[in-house]
Amino acid sequence: MDAMTFARKWRQSRRTERSAAHEHFLDLCELLHHPKPGAADPRGLSFTTERRVKKEGGKHGFADAWKKGYFGWEYKKKGGDLGAAYNQLLQYSGDLGNPPLLVVSDMDRI
């Protein structure tokens, strides 16, 4: 996938976070010529989508994407509150091993 194809696809998309987040992330991997989680880590132990995490305070949640020692990633719907996504990811960061990058996206903005 090239940058123009990626931009056109996601600019036109009106899908919900739930239906589009993983595909967006996998498309980014393809665009950047980075192995996708399933190829890089078939067991999902260090690079995966939908990583189950324990939030601060004990409740559970899911980080939309995670690569051990690199990043945690949280999506929101288009036009969604990226500040809220960042705060959500902060609650996950301890259980994700405190990755150096916390990334939020609404598929228009990263």
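Me: Which strands does helix 2 lie across, and at about what angle does helix 2 run to strand 3?

Reply: This is a predicted model, where local features need pLDDT of at least 70, side-chain atom pairs count only at pLDDT 80 or more, and totals for chains, interfaces and linings use all residues. Residues are numbered from 1 along each chain as its sequence is written, and side-chain values use heavy atoms, without hydrogens and water. Helices (H or I, at least four residues) and strands (E, at least two) are DSSP runs, numbered from the N terminus. Helix 2 (residues 17-31) lies across strand 1, strand 2, strand 3 and strand 4, and its angle to strand 3 (from 0 to 180 degrees between N-to-C directions, with axes fitted to C-alpha atoms, for helices over the stretch in contact, heavy atoms within 4.5 Å) is about 140 degrees.

Me: Which strands stand at the edges of the sheet?

Reply: The open sheet has four strands in the order 1-2-3-4, with mixed pairing (at least two DSSP bridges between two strands). Two strands have a single partner strand each, so one side of each lacks a neighbour in the sheet. They are strand 1 (47-54) and strand 4 (101-105).

Me: Which residue in strand 3 stands opposite Ala65?

Reply: Strand 2 (residues 60-67) pairs with strand 3 (residues 71-75) over three bridges, in the antiparallel sense. Opposite Ala65 stands Trp73.

Me: Within what arc do the buried residues of helix 4 fall?

Reply: Buried means under 20% relative accessible area (1.4 Å probe, protein chains only). Among the buried residues of helix 4 are Leu82, Ala85 and Leu89. Seen down the axis, the buried residues line one face of helix 4, because their arc (of directions from the helix axis to the C-beta atoms) is within 145 degrees.

Methods. Buried means under 20% relative accessible area, exposed over 50%, partly exposed in between (1.4 Å probe, protein chains only).
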